[in-house]
Amino acid sequence: MITRPFQLSTLKFESFSVVGYSIAGEETVICVPELDVVFDIGRAPRESLAMNHVLLTHGHMDHAAGIGYYFSQRDFQGMAGGKALAPAALVPALETLMAAWSKVEGHPSPHAFVAMNDGDDYELRRKLLVRAFATRHVGATLGYSIIDVRFKLKEEFLALDSPGIVALKKKGVEITHRTEVPLITYFGDTARSNYSDLPHVRTSKVLLLECTFFDLDHVRRARKGRHIHVNDLPELLEGMDNEHVVLIHVTRRTNMADARRLLRKTLRKDQLDRISFLMSRKFIESD
Ligand SMILES: [Zn+2]
Ligand SMILES: [Zn+2]
């Protein structure tokens, strides 16, 4: 049997990096250290413990199993204040889970869940928020976009010097307007949908997109499990303005060389140029 240390993959982008592991049915956990979030928690690898916000998309074990360990370890290591955002319908069951762990361990682990619904915003820190949106998987599910909020000087005031601006401010004139720059969007598991209708998804700089199935015989399996098949990508990516699309949640049996060949056959060059895999090894199974 091949044994190897558990390794997370790292992808670097302009202002943040993505550090994670994602194999369908096995484990999905994706940290963005600069934004202090981890998308799903998987089995709570060491890297995830330092993130102050867990964004849970749904209750499947491969995405959510580590949540008790996350809170317990953070308490053990003296890192207070971690929060897990989750679909509102799952929060009572997650609380029950923590209560059961408290009995099993003999002491409670401090924890905090934030119930989220489609369209809710939550402030991660000043001028950085997470927006939840409905996805199409099994049970209660949400995706999340991280949005940088910026305030820019209104066009009509651009020519003013700083004393002029100060004078306007003193008069109480609103001199800036608010703009949103979506940085990264994570769907969790989902079937295809009209995601390009959501501006914060369409313009997100990075898209973490599940693409579970590549085998042409597996279209029905994708539909049944409410996942994305490579054949869904052309339509799903149409109208999307993302700079990078990172494919995740590939099955362990996927031969990456075949997957890349299929992508080349399926997508236009401008779409293909933006695509990468989080888990980029040639054969996911063999190493
Ligand atoms: Zn999954
Ligand atoms: Zn799932």
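This report describes selected strands, helices and loops of one predicted model.

Residues are numbered from 1 along each chain as its sequence is written, while chains are lettered from A and ligands numbered from 1 in the order in which they are written. Because the model is predicted, local features need pLDDT of at least 70 and side-chain atom pairs count only at pLDDT 80 or more, whereas totals for chains, interfaces and linings use all residues.

**The seven-stranded sheet**

Seven strands form an open sheet in the order β8-β9-β10-β11-β12-β13-β14, and their pairing is mixed. Helices (H or I, at least four residues) and strands (E, at least two) are DSSP runs, numbered from the N terminus, and two strands pair if DSSP finds at least two bridges between them. The edges are held by β8 (121-125) and β14 (275-277); each has a single partner strand, so one side of each is left without a neighbour in the sheet. On average, neighbouring strands of this sheet are turned by 30° against each other, direction ignored. The axes are lines fitted to C-alpha atoms, for helices over the stretch in contact, and angles run from 0 to 180 degrees between N-to-C directions.

Two residues lie between the strands in the hairpin of β8 and β9, where K127 takes a positive phi near 65°. Further along, R131 stands opposite S145 in β10.

**Pairings compared**

| Strands | Bridges | Sense |
|---|---|---|
| β8 and β9 (128-134) | four bridges | antiparallel |
| β9 and β10 (142-153) | seven bridges | antiparallel |
| β13 (244-248) and β14 | three bridges | parallel |
| β1 (9-12) and β2 | four bridges | antiparallel |
| β2 and β3 (27-32) | five bridges | antiparallel |

A hairpin of four residues joins β1 to β2, and K12 stands opposite S17 in β2. A residue is buried if 20 or more other C-beta atoms, placed from the backbone, lie within 10 Å of its own, exposed if 12 or fewer, and partly exposed in between. Six of the seven residues of β2 (17-23) are buried, and the strand is mostly covered. In β3, E27 is the bridge partner of I23. The hairpin of β2 and β3 has three residues between the strands, and G25 takes a positive phi near 75° there.

**Helix α5 and residue D232**

Of the nine residues of α5 (162-170), the number buried is zero, so this helix lies largely in the open. G172, which follows α5, has a positive phi near 85°. D232, in the loop between α7 (219-225) and α8 (233-237), counts as buried because it has 20 C-beta neighbours inside 10 Å.
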